[in-house]
Amino acid sequence: MTQSATTQDGVREKAEPVVLVEHLTKSFDGRVVLDDVHLRVESGTIVSIIGQSGGGKTTLLRCVNMLERPDRAELRVAGETVFSGGQLVCRDLAALRRKVGMVFQRFNLFPHLTAVENVVLGQVRAGVPEKTALRQAVELLRRVGLAHRALAYPEQMSGGEQQRVAIARALALKPEVLLFDEPTSSLDPESTGEVLRVMRELAADGMTMILVTHELPFAREVSDWTVFVDGGRIIEEGPPARVLGTPEHERTRAFLASYRDG
């Protein structure tokens, strides 16, 4: 999955990826959960990460924005080195996380704040004037279909509404890439449809996204690249039509068969 640009002398060269992960290794209490993982994500592309629970998918996402620190890795985000070898290079993790927004499985909204306040808060902490932050928050809630719920508290909203507020909050800081960690796994079918609709619209708008998902039909529909992770390693990757339709690796075929049987 590469893009290229033409220099003045006509030479074709690869464009700088938004996210570049090389030789990523991560262990917890001596148990290896990621083993020499490589991932390249180009601007404007959507990468879906699939696999069984416990295979390392979420840990991979969390390493991209340093919510988890790798044991070893070479990691570049938006053209800047974040982690090299065994050392954290990035000196401003808050700035990194503004470039790499994340939407969590469990929403992570502040329960004492309304929907609009949840979207405003991160902007104000990042230095956006409050009036500007409020205007942008209202517009983003409108974008995700929740302008009418701006003054509702999380406990007054459905799971799908909370997740859409979380997406608006992540978008508010104008990230270069959005990470989604199983964004529909705790939702009912109707709420799942609401969230996937918003994600389809983001895809149509050209947002760069990395999503861990069990929604394989959705992954096939919107993704440019699909990555199958098993036992902490990338077993197979490629265009979704191939990986999900005619996988080459026996382990991928077994996983897809179990998904269909389930």
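Reader: How much space lies in the largest pocket?

Author: The largest pocket of this predicted model holds about 620 Å³ of space. The search runs on a 1 Å grid over the protein atoms alone: a pocket is an open set of points with protein on both sides within 12 Å along at least five of seven lines, while a cavity is a set where a 1.4 Å probe fits but cannot get out. Points are joined across faces, edges and corners, and the volume is the space filled by probe spheres set on them.

Two ground rules follow. Residues are numbered from 1 along each chain as its sequence is written, and side-chain values use heavy atoms, without hydrogens or water. As the model is predicted, local features need pLDDT of at least 70 and side-chain atom pairs count only at pLDDT 80 or more, while totals for chains, interfaces and linings use all residues.

Reader: Which residues of the lining lie nearest the centre of the largest pocket?

Author: Lining residues have an atom within 4 Å of a grid point. The largest pocket has 19 of them, and Arg-97, Phe-104, Gly-122, Arg-169 and Leu-173 lie nearest its centre. At least two lining residues each come from helix H2 (93-99), strand S9 (100-103), helix H3 (115-125) and helix H5 (159-172). H3 gives the most, with four. Helices (H or I, at least four residues) and strands (E, at least two) are DSSP runs, numbered from the N terminus.

Reader: What lines the largest cavity?

Author: The structure holds one cavity of 30 Å³ or more. The largest cavity has a volume of about 40 Å³. Val-21, Leu-24, Cys-63, Val-64, Pro-70, Ala-73 and Leu-75 line it. By class, that lining has seven nonpolar, no polar and no charged residues.

Reader: Where is confidence lowest, and where highest?

Author: Read pLDDT as the predictor's confidence in each residue, from 0 to 100. The protein has a mean of 91, and 94% of its residues reach 70 or more. Strand S1 (residues 4-6) is lowest, at a mean of 42, and helix H4 (residues 130-143) is highest, at 97. Over residues 2-7 the value stays under 50. Where pLDDT is low, the predicted coordinates should not be read in detail.

Reader: In what order do the strands of the open sheet run?

Author: Two strands pair if DSSP finds at least two bridges between them. Five strands form the open sheet, in the order S4-S3-S6-S7-S8, with antiparallel pairing. Strand S4 (31-41) and strand S8 (87-88) have a single partner strand each, so one side of each lacks a neighbour in the sheet. Inside the sheet, five bridges join S6 (residues 72-77) to S7 (residues 80-85). Ala-73 stands opposite Gly-85 there, and Ala-73 also lines the largest cavity.

Reader: What covers S9: are its residues buried or exposed?

Author: In a regular strand the side chains alternate between the two faces of the sheet. Buried means under 20% relative accessible area, exposed over 50%, and partly exposed in between (1.4 Å probe, protein chains only). In S9, Val-100 and Met-102 on one side and Gly-101 and Val-103 on the other are all buried. S9 pairs with S10 in the parallel sense over four bridges, and Val-103 stands opposite Phe-180.

Reader: Which residues of H3 are buried?

Author: An α-helix has 3.6 residues a turn, so residues three or four places apart point the same way. The buried residues of H3 are Ala-115, Val-116, Asn-118, Val-119, Val-120 and Gln-123. They pack against H4 and H5.

Reader: What is Asn-118 in contact with?

Author: Contact means heavy atoms within 4.5 Å. Beyond its neighbours within four places in sequence, Asn-118 touches Leu-109, Phe-110, Leu-113, Pro-154, Val-165 and Arg-169. Its relative accessible area is 1%.

Notes. Nonpolar A, V, L, I, M, F, W, Y, C, P; charged D, E, K, R; others polar.
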